[in-house]
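Open the model in your viewer and keep the selection panel at hand. The tour goes chain by chain, then to where the chains meet.

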Amino acid sequence: MLRARVLEALGTVYDPELDEPITTLGFVGSVVVVGGAVAVRLRLPTPQCAPNFAFLMAADASRALWRMDGVESVEVTLEDHYTGAEINATVNAGGSFSDAFPGETRGELDALRALFQRKALLARQSGLLSEVPRRLGDLHGPEADRCRELRRALGIDASDDAAPFVTGDGVPVDATDVRFRRMASMTALSLETNGGMCRDLLRVRYGGEVAA
Amino acid sequence: MYEKDGEKYYIVDSHLHFWDASPANWVKGHEEFAKGWIECFHAYQGLGPAETHWSLEHFQKYSVEDFEKDVFTDGYVDKAIFQSTYLREWYTNGFNDIEQNASLLDRFPGKLQVNGRFDPRDGAAGLEQLEADHAKYGIKGLKLYTAEWNKGSRGWKLTDPEARPFFDKCVELGIKNIHVHKGPTIWPLDKDAFDVSDVDHVATDYNGELNFIVEHVGLPRIEDFCFMATQEPNVYAGLSVVVGGLMHARPKFFAKVMGELLFWVGEDKMLFGSDYAIWEPKWQIEGLVDWEMPDDEAFSDFPRLGVEGKKKILGLNAAKLYDIEVPAEFQVPGAADKEDAQLVEGAA
C-alpha cells in the first residue's frame with residue numbers, strides 16, 4: 001500500500017474548526033505503512049487544543065483509513081496532547097467521544113460539528129460574492145465545491161438549481177444583503193486568522209519541518 | 001508614558017502577569033500539564049519579533065527586576081493591571097495568584113492595580129475569599145478563566161447558576177470590571193468551550209452594573225464576539241493576543257481584525273493589554289502607535305484609527321473603567337464632553 005494513498009485519505013479529514021484538511025495544516029506528523037498495517041501520528045499546535053475537535057480529527061482519520069482497500073489495521077496516535085491518552089485509547093478501540101470522557105459530556109459531537117460546518121459554509125461563500133450566479137450550478141472552483149460538500153453534509157439543497165447563497169442555516173439569501181456579506185467576510189477572517197495562528201504555533205512547537 | 005511625533009500617550013496595560021511556572025512550582029503528578037501550559041505560552045511568544053524572544057527557563061520564572069525593566073523602564077507602562085490566574089491543580093502556589101501579584105504592590109506604589117478572581121465551584125468559601133480579597137486589596141476587577149480545572153471539573157460557564165451569587169457580590173462590593181478569558185475546556189466537553197454566548201447573557205443581566213472585558217476579543221471566536229459586543233453596551237474588547245500574536249506575525253490579518261473590531265465594537269471600547277510576560281509591552285506599543293490601516297481596496301470598508309483612537313485604546317479607555325486619573329496633557333480633546341453614558345459609574 002502506498003503512503004501517497006494514505007495521505008490522500010487523510011486529506012479528506014478536515015479540522016472541523018478551521019475547515020481545512022489536516023494534511024495541509026501540517027497536523028500529520030508521520031505515516032508508517034507496513035503491509036496492511038497503517039500507523040499515523042497526529043500533532044496539534046498546542047497541548048491544550050480543545051479535546052472535542054482533537055477527538056473529531058483523530059476519529060475521522062481512523063475512519064478514513066479503515067475505508068481504504070487492503071487495510072488490516074489502523075493505529076492513530078495524537079501526540080503531546082493533554083487528553084491524548086483518553087483519545088488514543090478510545091479512537092483505536094472504535095469508541096465514541098462519550099466513551100473517552102465518561103461523565104464529562106452530555107452527548108456526542110454531531111451538533112458541534114454541524115455548528116462549525118455552518119460557520120464554514122458562511123465563510124466559504126464570502127469568497128464567491130463577487131460573482132452574480134443565478135443558481136448554485138453557476139458557481140465553480142474549489143470554494144464552490146467545498147460549499148456543495150458542506151451543504152450536503154448539513155442537509156441543505158446542493159443541486160445545480162438550488163439557491164446560490166444561503167445562510168448557515170440554509171435559508172436562501174440575496175448576495176447583495178449587506179449583513180450577510182459582512183457576517184460572511186468576518187467569519188472567513190476568523191477562520192483564516194485562527195488557521196494562521198495554528199500554523200504559526202505548530203511551526204514554533206515542532207520547527208519548520210514539512211509533515212509526512 | 002510614550003511619546004511619538006509630539007503626541008503623548010498615557011499607557012494602561014490592562015492585562016499582564018507576574019507568574020511562577022518553574023518546575024519547583026509544578027504539582028506532583030500533574031507535571032505534564034504544568035509543563036505543557038507554560039510551553040504553550042512560550043510558543044505564543046514566538047509570534048513576536050525574534051529579538052524579544054526569551055529562553056524557556058527565563059520564561060518560566062522571571063524576577064521583579066525583569067518585570068520592572070520590561071514593563072516600566074523600557075515598556076512605557078504608566079499603570080499596569082495584574083490579572084490573577086490560579087491554576088492550582090497544576091501549580092502548587094498558583095500560576096500567579098493574587099498574593100503573588102500583590103507582593104509587587106509595595107515595590108511600585110501607584111503603578112499597579114491587582115485584579116482578583118472567583119471560581120463558582122468554590123461555593124460559599126469562594127464568596128468569602130472574594131470578600132477578603134476585596135477588603136485586603138481594594139480590587140476593582142476580576143479575571144475569570146472558564147477553562148480552569150477544579151476538583152475533577154474541567155471548566156464552567158458564566159451562566160452557571162452557581163456563578164450568580166458571585167456576580168451579585170461583585171455588584172455589592174463595587175468590583176465592576178470582569179475580564180473573561182475563554183479556554184479550551186468547559187463542561188460538558190461536547191460543547192464549544194470558546195463560545196461567548198454566556199458572556200452575552202450575563203452582560204445583559206448586569207448591564208449598568210458590571211463591565212465585561214472579553215480578553216483576546218474572544219479569539220478564536222471573533223465573529224461571535226463582534227456580533228455580541230455590538231449589541232451589548234457593557235462588553236469591551238481586550239486586545240491581549242491580538243496585538244502580540246498578530247501584529248508582527250500576521251500583519252494582514254491584524255489589520256483586518258482591527259478593522260472588524262473598529263467597525264463592530266469601536267475605538268471607545270477597545271483596551272490594550274500586552275499579556276506580559278508572553279510578550280513585552282515595548283514593541284507592541286511602538287508598533288500600535290506606528291500602525292496605519294492599509295490603503296488597498298481590501299481594507300476600504302474599515303474605519304481608520306487615528307491618534308485619538310490610539311490614545312483611547314492604549315490607556316484612556318481602561319483609565320475610565322478603573323477610575324485612573326490621567327493628567328490633562330494625555331487627554332483627548334473634548335473627551336470629557338462625550339462621556340460614555342453606557343459606562344458603569346463607581347461603586348454604589
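What follows is a series of selections in a predicted model.

**Stop 1: chain A, whole**

Select chain A and colour by secondary structure. Eight helices and five strands make up its secondary structure. Follow the chain along its sequence and the pattern reads α-β-β-α-β-β-α-β-α-α-α-α-α.

Now look at the overall dimensions. Along the principal axes, the C-alpha trace of chain A spans about 50 × 35 × 35 Å. Take the contacts in chain A between residues at least 6 apart in sequence: 63% of them join residues at least 24 apart.

**Stop 2: the two domains of chain A**

Select residues 3-108 of chain A for domain 1, then 110-193 for domain 2. Give each its own colour. Their centres, taken over C-alpha atoms, are separated by 27 Å.

Where the domains touch, seven residues of domain 1 of chain A are in contact with six residues of domain 2 of chain A. On the domain 1 side of that contact there are three nonpolar, one polar and three charged residues.

**Stop 3: chain B, whole**

Hide chain A and select chain B. Chain B has twelve helices and ten strands. Its C-alpha atoms fill a box of roughly 50 × 45 × 40 Å along the principal axes.

Buried residues account for 52% of the 348 residues in chain B. Among contacts in chain B between residues at least 6 apart in sequence, 77% join residues at least 24 apart.

**Stop 4: helix α7 of chain B**

Select residues 197-205 of chain B, which form helix α7. Which residues of α7(B) are buried? Show side chains for V199(B), D200(B), V202(B) and A203(B): these are the buried ones.

Next, show what covers them. The cover includes helices α6 (164-173) and α8 (222-229) of chain B. It also includes strands β7 (177-181), β8 (211-214) and β9 (235-238) of chain B.

**Stop 5: where chain A meets chain B**

Bring chain A back. Here 31 residues of chain A are in contact with 29 residues of chain B. On the chain A side, α3 (51-66), α6 (110-126) and α8 each supply at least two residues. Which helix gives the largest share of that side? The answer is α8(A), with 13 residues. By class, the chain A side divides into 15 nonpolar, ten polar and six charged residues.

**Stop 6: α8 of chain A against α8 of chain B**

Select residues 178-206 of chain A, helix α8, together with α8(B). The two helices pack with their axes 8 Å apart, at an angle of about 140°. α8(A) and α8(B) are therefore oblique to each other.

Zoom in on the residues that make this contact. From α8(A), show M186(A), T187(A), S190(A) and T193(A). From α8(B), show I222(B), E223(B) and C226(B). The classes in this helix contact are three nonpolar, three polar and one charged.

An α-helix has 3.6 residues a turn, so residues three or four places apart point the same way.

Note on methods
Residues numbered from 1 in each chain as written. Chains lettered and ligands numbered in written order. Predicted model: local features only at pLDDT ≥ 70, side-chain atom pairs only at ≥ 80, totals over all residues. Domains from an automatic or database assignment. Contact = placed C-beta atoms within 7 Å. Nonpolar A, V, L, I, M, F, W, Y, C, P; charged D, E, K, R; others polar. Helix = DSSP H or I, 4+ residues; strand = E, 2+ residues; numbered from the N terminus. Buried ≥ 20, exposed ≤ 12 C-beta atoms within 10 Å, placed from the backbone. Axes fitted to C-alpha atoms, helices over the stretch in contact; angles between N-to-C directions. Parallel < 35°, antiparallel > 145°, perpendicular 65-115°, else oblique.
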